[in-house]
Amino acid sequence: MEERNRESKHIIFSYYRISRTREFIESFRAERSWAALQERLRVRRRDRRRAIGRRLSAAAVAVLCLGGGLWTWQRPKAEEPAVRAEACLFPERGGQAAFLTLADGREIDLSEQEGEIEQGGASNLNRELSYRRSEGGEADNCTSFHTLTVPRGGEYRLMLADGSRVWMNAGSRLRYPERFGRSREVYLTGEAYFEVAKDSCRPFRVHTEDYGVEVLGTRFNVTAYADETGRATLAGGSIKVTRGGEEVVLRPNEQAVMREEGIRVCPVNADLYTSWVQGRYIFRNTELKDIVARLSRWFNVDIHFRQEELMHRRFAGIILRDAELEFAVEVISRVAHVRFVREGEAIYIEQESFSNSQ
């Protein structure tokens, strides 16, 4: 069994390196194949942990009944402690978590309160905050603004009063009215994916500290973290991106990047920037520093580089968001030839020796 597991891992990571070399030219087939392989590996790892747990439980009973002499005889094989140690070092998971701040200043932990939100005009069910549908447009904008805050290590879904849906990523905040009037305006810090309900009479506007996005009805991703370059990525429809006196119109699979010299428009695969909504991160020729920024927010950990040159090492592949951090650590370590070292609450990435990376 152990030999088969080692062989399976070798095959999987060989496939991964090949995919990286080709930079996922045939991305959709490769990504689907790799996702299936990752799922199989995750199931095997889960089953192996359960098997280890059963053996450890049996060993504990034997110790209680027969004394410590049997422990040596029952001790797991050499590879198993390494698996358990890794699980203990990187057990973090992301999850659904958010705080709602009402217009009167009251704060509600949405992970602890389900059902109707008093004086909030919304209900919180199945990890989604939903507002009662209101057509609006007949009056001035509502001055009752709410704020949805998603901490590091969390994500949440939101349905606004016009029927638009928003997926909030970790470390993000959205300020929005309880109902919309003659216009639809929201204010974002962090990252969110929008599916905007069509309304030709009322454009939908997303304001960030650095730029703005205006739409009538479409699907797009907005990144506006304080420590990252701002990006607006269009998945479908059309959006107008404005910054200062400059404005550009995007078509599907285009991205507006906020540069010092102005807005730069470039073609992209929008799936790479919106895949987090589907529960995975897809990376293609991405620098480790950008990957670490996402992992740090999603798993709520602090990850640093021992050597600055490692920040620019590139990686291609898929990281599952619902898996423990240890899975991301193992995949990146094998493919990028680096090592993750935990020191207290901090995690460091350092160069892996060639002999240990095989």
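Analyst: A residue is called buried when its relative accessible area is under 20%. In this predicted model, that label applies in helix H6 to Leu288, Ile291, Val292, Arg294, Leu295, Ser296, Arg297, Trp298 and Phe299. Nine of the 12 residues of H6 are thus buried, and the helix is mostly covered.

The length of the helix can be checked against its residue count. H6 covers residues 288-299, and at 1.5 Å a residue its 12 residues should span 16 Å. Just after H6 comes Asn300, which has a positive phi of about 55°.

H6 also packs against another helix. Its partner is H7, residues 325-336, and the two axes lie 12 Å apart at an angle of about 170°. Angles over 145 degrees count as roughly antiparallel, and H6 and H7 are therefore roughly antiparallel to each other. On the H6 side, the contact is made by Leu288, Ile291, Leu295 and Phe299. H7 contributes Leu325, Ala328, Ile332 and Ala336.

Next, the strands. Strand E18 spans residues 254-259, and five of its six residues are buried, so the strand is largely enclosed by the rest of the structure. E18 pairs with strand E15, residues 231-236, through three bridges, and the two run antiparallel. Within that pairing, Arg231 stands opposite Val257 of E18.

E18 is also joined to strand E19, residues 262-267, by six bridges, again in an antiparallel arrangement. Here Ala256 has Val265 of E19 as its bridge partner. Two residues lie between E18 and E19, and the two strands form a hairpin. As a general point, side chains in a regular strand alternate between the two faces of the sheet.

Arg342 lies in strand E23, which runs over residues 338-343. Its side chain is joined to that of Glu92 by a polar contact of 2.5 Å. Leaving aside residues up to four places away in sequence, Arg342 touches Leu89, Phe90, Pro91, Glu92, Val301 and Ile347.

How values were computed
Residues are numbered from 1 along each chain as its sequence is written. This is a predicted model: local features need pLDDT of at least 70, side-chain atom pairs count only at pLDDT 80 or more; totals for chains, interfaces and linings use all residues. Side-chain values use heavy atoms; hydrogens and water are left out. Helices (H or I, at least four residues) and strands (E, at least two) are DSSP runs, numbered from the N terminus. A polar contact is a pair of N or O atoms within 3.5 Å; within protein, one must be able to donate a hydrogen and the other to accept it, and residues adjacent in sequence count only if both atoms are side-chain atoms. Contact means heavy atoms within 4.5 Å. The expected span of a helix is 1.5 Å times one less than its number of residues. Buried means under 20% relative accessible area, exposed over 50%, partly exposed in between (1.4 Å probe, protein chains only). Two strands pair if DSSP finds at least two bridges between them. Axes are lines fitted to C-alpha atoms, for helices over the stretch in contact, and angles run from 0 to 180 degrees between N-to-C directions. Angles under 35 degrees count as roughly parallel, over 145 as roughly antiparallel, 65 to 115 as roughly perpendicular and the rest as oblique.
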